[in-house]
Amino acid sequence: IGEVVKYDFSSPYSFEMVDDITTEEKRLKAEMAVPIILDYDPSVFERSSGAIYRSFRLMRAEFKATHWAHSASAYEEQVKDFFIHKGQFEKELGEQIPDYLFEWLVRNHFSARLENIVIHNLEIWYQSQLIENVDKAIPSHQTVVLARTVAKNNKGKEFSVKRDSVLDVANKESFILKYKSGLERSSEKDIQYLLDFSRYLIYPNFTLNKQEMATRRQGARDSILPITISIRKNQTILPEGTLMQPYHLSLLKHIDLMRSDRRQEVLVLAISFLFLSIIIVFFQYVRRFSLNKVKVENHDLLVMGFISLITIIVAKGFLFLTETAFLSRFGSMWPPQFFLYAMPVAAAPMMVGLLIQSGEVVWLFTTFLSVAVGLMTEMNFAYMVVTFASGIAAARGVYGCKKRNDIYWAGVRTGLVNALM
């Protein structure tokens, strides 16, 4: 890839192929076009304000139940003792706060005025889009994201949100007090403590919905159909001076694959003619030197041809069934060769042995069938040998049989020969 082509290269074949590289590029673009999806939960403020109301009401009840001393030293001790309620306060509030803020609330008697100011400021803040870690959730190149309101039926309203309008809850400095009614006489320290306490109660009301994003991106990817390239014979696919690209490399690989397939077809045809010649020579030899001249009648040829055709069809159907149904389910337990050797090919020589009495003819038929199924299974020589041996055992087992049980026993012996092979 990246090298300069020194001469024109034309395709020796006409073909069509799927451009996997271009297809993948378009699918990736379709995935990236799907915007970031956020879930908007409008009930975050309701839950937060409800927790504030319950926690402050509980602490005011505890505060009123305490008999506070008038002396300064005793009062300070009682303030420290009131910290036993801090855990209960934080449990109702749903958030842990520093000791200095809890002490400040105690000294202000968990005032309803402070409670209302906190709730009003949170209500203003929650009108914005709040999210945790904006830079990580929303890439900088996406200026607009898609948000949808959380609903029980999963059919909430969808709307667009600008990235610039989203606030990061981790950046506390961006949240300032906007509602200050009732703080006119408060000190700067009290105002700062009130701000610190309010910032602890900020939660994101927008969250990243990774599952919905993955579903939509997969849908966008699946919507892109494979791109097919049509190449004509003698069409120039690599002009001189062109830089080699992945697209060109995939074309060359496809042409090499077509060449190898054609070589394999020629090889299979040559081997078929070779075995056919061997069978004919062997047949002529048997006819010449056998005491009982071998004579094959036309109806015998018809029977053997019919049995061969049925056997090939059954074998093809058996392989298709095992590959689509059993191999995917039991492939981890049994290897693919198990289903290959389970094909009932030996039944064909057994049927020929029952119908034709000439042993030479049965031998020739078994040889032909073993070669045929060997070529059908991608020139599997080992399977060809096993098929030939089991076919001879099956034909020999039914020779001269007189009862139905003899056929059963012939099947058992054939299975044992297969197992031994």
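Leu252 touches Phe9, Ile237, Leu238 and Met244, not counting residues up to four places away in sequence; touching, or contact, means heavy atoms within 4.5 Å. Leu252 sits in helix 10, residues 246-289. Helices (H or I, at least four residues) and strands (E, at least two) are DSSP runs, numbered from the N terminus. Between Leu252 and Ser11 there are 241 residues of separation in sequence, but their C-alpha atoms are 8.8 Å apart in space.

The model is predicted, and local features need pLDDT of at least 70, side-chain atom pairs count only at pLDDT 80 or more, and totals for chains, interfaces and linings use all residues. Residues are numbered from 1 along each chain as its sequence is written, and side-chain values use heavy atoms, with hydrogens and water left out.

The protein as a whole has 16 helices and 10 strands. Of its 421 residues, 35% count as buried, where buried means under 20% relative accessible area, exposed means over 50%, and partly exposed lies in between (1.4 Å probe, protein chains only). Among contacts between residues at least 6 apart in sequence, 76% join residues at least 24 apart. The accessible surface comes to about 26,300 Å², and 58% of that belongs to carbon and sulfur atoms. Such areas come from the Shrake-Rupley method with a 1.4 Å probe, and for residues only the protein chains shown count as cover.

Helix 2 covers residues 44-65, and Ser48 is part of this helix. Ser48 has a relative accessible area of 6%, so this residue is buried. Beyond its neighbours within four places in sequence, Ser48 is in contact with Leu122, Tyr126, Leu201 and Tyr203.

Helix 2 also packs with helix 4 (residues 86-93), at an angle of about 155° and with the axes 7 Å apart. Axes are lines fitted to C-alpha atoms, for helices over the stretch in contact, and angles run from 0 to 180 degrees between N-to-C directions. Because of this angle, helix 2 is roughly antiparallel to helix 4; angles under 35 degrees count as roughly parallel, over 145 as roughly antiparallel, 65 to 115 as roughly perpendicular and the rest as oblique. On the helix 2 side, the contact includes Ala51, Ile52 and Phe56, while helix 4 contributes Gln88, Phe89, Glu92 and Leu93. By class, this contact of helix 2 with helix 4 has seven nonpolar, two polar and three charged residues. Ala, Val, Leu, Ile, Met, Phe, Trp, Tyr, Cys and Pro count as nonpolar, Asp, Glu, Lys and Arg as charged, and the others, Gly among them, as polar.

Trp68 is placed in the loop between helix 2 and helix 3 (72-81). With a relative accessible area of 18%, Trp68 is buried. Its contacts, leaving aside neighbours within four places in sequence, are Phe63, Tyr75, Gln78, Val79, Phe82 and Val106. The C-alpha atoms of Trp68 and Val79 are separated by 9.0 Å.

Glu212 belongs to helix 9, residues 210-222. Its relative accessibility is 17%, so Glu212 counts as buried. Apart from neighbours within four places in sequence, Glu212 is in contact with Ile37 and Arg148.

A further helix pair is helix 13 (residues 347-355) and helix 14 (residues 359-376), which pack at an angle of about 160° with their axes 10 Å apart. Helix 13 is therefore roughly antiparallel to helix 14. Here Ala348, Pro349, Val352 and Gly353 in helix 13 meet Val362, Phe365, Thr366 and Leu369 in helix 14. By class, the contact of helix 13 with helix 14 has six nonpolar, two polar and no charged residues.
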